[in-house]
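User: Hi, I'm new to this one. Can you walk me through it?
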Amino acid sequence: MVSLTTKPMTQATTQPGSSAGRTLHPALGTTARVLGRRAFQAAGVVVLVSTACFAMVQSLPGDIAFRIAAGRYGYDQVTAASADSVRAELGLDQPAWLQFLDWLGGLVSLNLGNSLVTGASVAGELGLNLASSLQLAAVALILALMVGTTAGALAAARPGGILDRLTTVWVSVTRALPPFLLGLVLILLFAVHLGVLPAAGHGEAKNIVLPAATLAVGLSGLFARVTRDTMAQIRQSDYVRFADTKGLGSWLVFVRHVIRNTGVTLIAYVGVQVLVLIEGVVVVESLFAWPGLGHALVHAIFWRDIPMIQAAALALALLVVAMNTLVDLATAAVDPRPRHKEAVL
Amino acid sequence: MTNAVAMQELLPASAGDSKRPKWLANRSATQLVSAGLLAVLVIFAVAGPLIWPGHAVQDLSRFLEAPGAGEPLGRDHLGRSVIARLAHATQLSLVMSVLCVSAALLFGSLAGIAAAWRGGWIDSVLHGLSEVFIALPALLVVLVVSAIANGDLWTLCLGLALAQWVEYFRMVRARSGLVLAGPAVEAAGLFQLGPVHVIRRHLLPELRPLLTTMATFGVGSSILALSTLGFVGIGVRPPTPELGLMITEAFPFYHEAPWMALAPVLVLTTILIGLLGLRSKESPA
Amino acid sequence: MGWQKMRVAGASAIALLMMTGCAAAGNDSPAAEQPLRVVGQFELHSLDPSTAGGFFTRLQVAETLVDADVKGVLQPGLAEKWDVSADGLSWGFTLRSGALFHDGTAVTAEAAAASLNIAQGKAGTPLATVPVKGISAVGDSVRVDLTEPYAPLPAVMAHTSTQILAPSSYGTDRSITKIVGSGPYRVKHIEQPAHIDVAAFEQWQGKKPAISEVTYQAVGRSESRALMAESAQSDVTFGMDPTSLQRIKQAGKLDIAAVTLPRSILLKVNAGHEMLGDVKVRRALSLALDREAMATALLRDREMAATQLFPPSLPEWHQDSATPLTHNPSEARKLLAEAGWAPGSDGILERNGKKFSVTLRTFPDRPELPILATAIQAKLKELGIALDVKVGNSSEIPAGHKDGSLELALFSRNYALVPDALVTLAEDFAPAGSDFGAMGWNDPALTEALNALASGKDVDKSAENRRKVNEILQTQLPVIPVAWYRQSAVVSPRVEGLVLDPLERSWRLSDLTWKK
Amino acid sequence: MSLRLNDLVVSHAGKVLVETGQLDFEPGKPVTIVGESGSGKSLLAHAIMGTLPHNLKAQGSLAVDDQVYDVSDQANRRRLWGRTMSLLPQEPVLALDPTMRTREQVAEGAPTFRTDKQGARRAADALLASLGLKHASAAFPHTLSGGMAQRVAFAAATIGGAPVLIADEPSKGLDQRARAELAELLRSHIKSGGILLTITHDLDLARELGGEVLVMKDAHVVEKGAAGEVLANPVHPYTRRLLAAEPSRWRHQWMRDLSEGTERADGRHGGSIESSGTLLVSGTGLGKSFGDQELFTDLSIEVRAGERVALSGPSGSGKTTLGNVLLRLLPPDTGTVQHSELLQRGRLQKLYQDPALAFPGRVPLADSLGDVVRRHGLDHARLEELMGSLRLAPELLHRRPGQISGGELQRIAIIRSMLLEPVLVFADEPTSRLDLITQEETMMCLMEQVDKLDCALVLVTHDDALAAAVTTRSIALGAPSAVIEPELELAAQ
């Protein structure tokens, strides 16, 4: 799970020799540095992940040619003859490192190659999977953020009040329910009995509501928890009490100070949750027949479709880097303090 | 003006009332209830398999038999005793998750302390390794390892541990870095107090509460990960019972034999709620 | 004063959430022009006929030269009639006149021959196993010359891999880029791997289909398919698992069409294996299986308990007179004792120091297989045989056959891939054995009977040959039958006239009509 | 404008924390309440302002002009905040929102903010400029020094035009220069006809403010009168004790009075400028910079046995950094540091500003000290003897550092450092966070031990009086901290 130990930096009274009064918004300086560092990291990740991934796939048991033939011809029409023709066609008996070099060569010219099973271009297929996964993650995230932060804020308004205890119960219940069970309950309720929403499938807008809701329930618990803790802490902070005594009125204080500072902590948290979402939705995708990245990865590994595995792993890895960059930039934009404690993922 | 200062003036530090033993003193009600729940489950996991040994014994003529005298939880679609399978499954899930969490925790913490303490090339190597694991999608690592495991328990356990060690590593490295750079350790250095003292007095007491919190979460998420593998169909090999697999098998019978699905779900949810409740109030989310 | 404001903000957020919920509901009443929604478990992974899993013949987009009715009797397809030369070496298929491809071009013999030549080059298809010298176009008929007589050629021409596509379907390197067939439906939109839309072909010669638009959606899990059927999100749902089927039957809101398939679930045995080579052991394994209990409890269909390899849906091959396979554990133990196996200290059978422990391979793509394997595992444990069940990728079975490491495998085999079961049987029980057939076993009498049938010479003795084949398989048990197969489809009451094809060749959607 | 507080009683679970009769505040006459922490002076200010913690019970009434407010209901004075009464916060750097520019935080206090934001921002810029912070109006709080933050907080508190200003411990953690500026600000509020109530433990600030002074001890006002009177020759014994605790008035046996060169009991002649002891630490050509900020360059320092040296200078001028360099805990950018081998085996010790950070936080003190005793094979009796001589109860050692007061913990730190009979002790502002009396007691404990062992002392402090009392030689560090202040002189005329 994620334990977030970022605390707003408390200033020692004697700030050793800081160059005072810089008017230029510090974020502009940091943006260039953040982008530079992340670009370097992305390049490193590309090489590291593809090598590690290729090594892992090679160590998988079972003959790759047979697996691909099963993927192509269907699971009960795969024969030794078809496997041999696949091995010859794809040159699978080449040494592993040669195949890897071919793949890397293709990568340099931005051609991810074709899927061994379907023959279609990996980029195309992966594009659809990535798009639908991101779409599902985005909708789930927005739903969770809306419900979670509102509940968290209301709970933090009265620490120890009924709403606060209610949120704590809601958090533990949502965290304890396995996602596929929650999905089944939602389908039974909304699709079968009420017939309001489609049970599974992809295509129209209505299809996204149930899978996104399944993900959002668990996630909203997490967000409520983080929002409540951070806001309760910020409400006790010196700058909120000073703002009060300036005669601002609680609504202005809430909007101008509490929300902004809570945002600083939330942003890092949301960044992490998006990654967990995209990787962890395999179950929800298979239950709702959603053509997501996790689902595609499971099939690719089952059929040993190497280019697809490599591309999917690469996409996920670059997503991790992109998400970290986004979080860094957003944090720098909201919180000008130079060195922020490293948010422990 | 700050509340803290005002309060400090009022209440000089109290040493905690001596009535209740020290470890009970500062445990909230929810923590006690959760600990109770978990204790019941552990007893069930240990005693259950002894009371109902035959989890693989089938009686196809009595498939989906309702709970009755002989079978408190009835029989599943293969006529096997659901309570026996549940007991073995709970035992397996708990043992597996505890094992893989302790492996992840041990390796992660040792690596973290080594990186923070030695610094230099060890730190960059270990940090680089953790960056790779962070970048490598955890999903891929678990899927690949469970494909290699092909149902074998120990390799599955290794896979889950591999996916989790990075969390412990990063936390321990960051937190020990802070402690080791702090004045307390500097002062200890001036007293020529060696590494044993630093670890025993400075690092462990600081890391222990955080590690226990992360560990309780780790056990919960490992059980969920194991059950997800079962759901996607690459989990443990038949006839080994596992909570996730039982829920997946019971999935189609939710209408016909609800008890078959309810039992594992109840156990799984109780374990997770118990673990969540154990977390002390002020530790992070 | 601030507190009220916060409550207002909270309430508005929740209201917004509810609104998105109901706005998405909208009205769901089926307008007449709604497309027919078909849901199945198969995903479309490539457009090539040899690997497209028969999608485009099932959706009646592409036609084969020869068609087959629900009883398996060959019917005219794209070819009106076909005849064979006296020496059985050259066949002529004369095309139906006036047939059009969906791109408007006429169906010519040259186009048909070109399609067949490409299909013949693909490995793993029935046409590849036929001894073909050449395929050419002669006037309005297609000529197929053979190197040796092969009676079931028309049946092979009914297989989906021999579907005829327009020249415009093929790309430069002869790979398929789009599907332009000649059937009653044409392809409107394909989104691989899970979504296909087809619409009625305006210039179709025959009767215009009552349902003008069909969409096919692939859904992986059988439970999800069941829930889609129950929530009226799909009109025709294939691949229903036994338990969901029973639930839907009890609910009684949806119609169920079912047909027994010429498909059996069987246990492939490595007869060359030191322990399983002994026919007594194979008979003991067969006697250990309680087929009625498994069929009733797991397949929820008592009649599916297999008494012999060929199900009743293969009338020519199914022999009512054959002695049925029974469940007799004590007889099985006696046979094992005779074969020299005695129970060891831990209850597992031992013979000169070696324990009787074997591995069974199966795969999860057909949901009932792992459950049947677990049931078999328990039954064999009662006899003292330790069975290790490995649920993996289906390709492990042919791979194990090739490198000889296979011991036992559980899978389901369709004997009517080509309308005439002989083609599959000849391949499965060839002397050298085959991936999904015998392994390390052959019987000269069986081979001789199969060759006689294949040559098609003395037609009157073919019934006798088929009885001999059945009798040898029943006694020697190179493969141990476990259960037969009944395919079912859940149909919404809005649709009428669905007849399931036992050969799984076509879904015959053009015969369906909306209920008035 | 008049403010009267009558019969205020603040209690917690029956225990009275503040009890005063009638207090009057008139414009133009500042009122300052002095006393030690725990005397309840801070609670009195919060009671007036209406920001008492929820679990405290308050009675009494507050008359603002003709409007009377019941003190027990905290919320009724919310309407007065900013317009009639405003509170200058204690830790200004913490009281500023880290994510917002200073101009915004000052502007939001302006009365016109809600309606005319631009106007409020212009007013804020003008006020900041008048306080010499023109270039800092767009800066972020983390870039401000202590003194600057104090002035921004003052601007934010007073822009609302509230006649009544309550300052709660405003000088905490400020060095002498910043405190003088602060006094200037507070006096400017009085000159403009406002009412000022200041809460402080800093007697110099009270003297500079003048007006009326109240001395509080254990929840009651023990003495009241004009500042000149009360702070020069007080009547009440506690006030006399308080004044005596000021370093400038210290008369202790261990003091080496340079001018008298008095013979000391043990006959050694103290106080010569160039002590003849062996060279313990010598740093030559030392230079260190922090980021782009250069702290000191080409500095040479020598510390000999038995010497007492002070490192003084404004906050942020690198005193602590120089100390760490001398102790070889931090490598210098340029120059070298030699240590005599006398300092081996733990005979070089350091005392920290916040003692709680110098001990492992989650381990009882007995274990921490026990480790030192075991490591060096000392006799346990030595520990008991030191505990006795520093007047500390033995069972204190069974508690964790967080569970005992700052003063007591610093004394335990002193005991720990004395266990190995050190030759040189480096004390980094050991008493800057303590009240006057506690500071005196702690310094006495330290100096008695230093004197007994005749060990060298390097004391870092920004309190010149303390430096003069304790040390014989002082090294002033660094120009006024960085470039921030010059404009202030211009504005002050």
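Analyst: Let's start with the two domains of chain D. The C-alpha centres of domain 1 and domain 2 of chain D lie 33 Å apart. Keep in mind that this is a predicted model.

User: Where is chain D divided?

Analyst: Domain 1 of chain D covers 3-247, and domain 2 of chain D covers 262-491.

User: How many residues are in contact between those two domains?

Analyst: On the domain 1 side of chain D, 17 residues take part, and they are in contact with 19 residues of domain 2 of chain D.

User: Which helices supply the domain 1 side?

Analyst: In chain D, α4 (146-158), α5 (176-191) and α8 (237-244) each supply at least two residues of the side of domain 1 that touches domain 2. The most comes from α5(D), with 3 residues.

User: And how do the residues on that side divide by class?

Analyst: The side of domain 1 of chain D that touches domain 2 of chain D has 4 nonpolar, 7 polar and 6 charged residues.

User: Step back a bit. How many helices and strands does chain D have?

Analyst: Chain D has 16 helices and 18 strands. Its radius of gyration is 25 Å, close to the 23 Å from the globule rule for 493 residues, so chain D is as compact as a globular protein of that length. The C-alpha atoms of chain D fill a box of roughly 70 × 50 × 45 Å along the principal axes.

User: What share of chain D is buried?

Analyst: Buried residues are 50% of the 493 in chain D. As for contacts in chain D with a separation of 6 or more, 71% come from residues 24 or more positions apart.

User: I see a sheet in chain D with β11 in it. What is the strand order there?

Analyst: The order is β12-β11-β14 in chain D. It is an open sheet of 3 strands, with antiparallel pairing.

User: Why is one side of β12 and of β14 left without a neighbour?

Analyst: In chain D, β12 (293-304) and β14 (334-339) stand at the edges and each has a single partner strand, so one side of each has no neighbour in the sheet. Neighbouring strands of this sheet are turned by 15 degrees against each other on average, direction ignored.

User: How many bridges join β11 to β12?

Analyst: There are 8 bridges between β11 (residues 279-290) of chain D and β12(D). Across that pair, D:G283 stands opposite D:I301.

User: Which helix packs on that sheet?

Analyst: Helix α9 (residues 319-326) of chain D does, touching β11, β12 and β14 of chain D. The direction of α9 makes about 130 degrees with that of β11(D).

User: New topic. Which chains share the most contacts?

Analyst: Chains A and C do, out of 5 pairs of chains in contact. No contact joins chain C and chain D; their closest C-alpha atoms lie 11 Å apart.

User: What about chains A and B, how many residues are in contact?

Analyst: 44 residues of chain A are in contact with 40 residues of chain B. On the chain A side, α1(A) gives the most, with 7 residues. By class, that side of chain A has 30 nonpolar, 7 polar and 7 charged residues.

Technical notes. Residues numbered from 1 in each chain as written. Chains lettered and ligands numbered in written order. Predicted model: local features only at pLDDT ≥ 70, side-chain atom pairs only at ≥ 80, totals over all residues. Domains from an automatic or database assignment. Contact = placed C-beta atoms within 7 Å. Helix = DSSP H or I, 4+ residues; strand = E, 2+ residues; numbered from the N terminus. Nonpolar A, V, L, I, M, F, W, Y, C, P; charged D, E, K, R; others polar. Pairing = 2+ DSSP bridges. Axes fitted to C-alpha atoms, helices over the stretch in contact; angles between N-to-C directions. Rg over C-alpha atoms; globule rule 2.2 N^0.38 Å. Buried ≥ 20, exposed ≤ 12 C-beta atoms within 10 Å, placed from the backbone.
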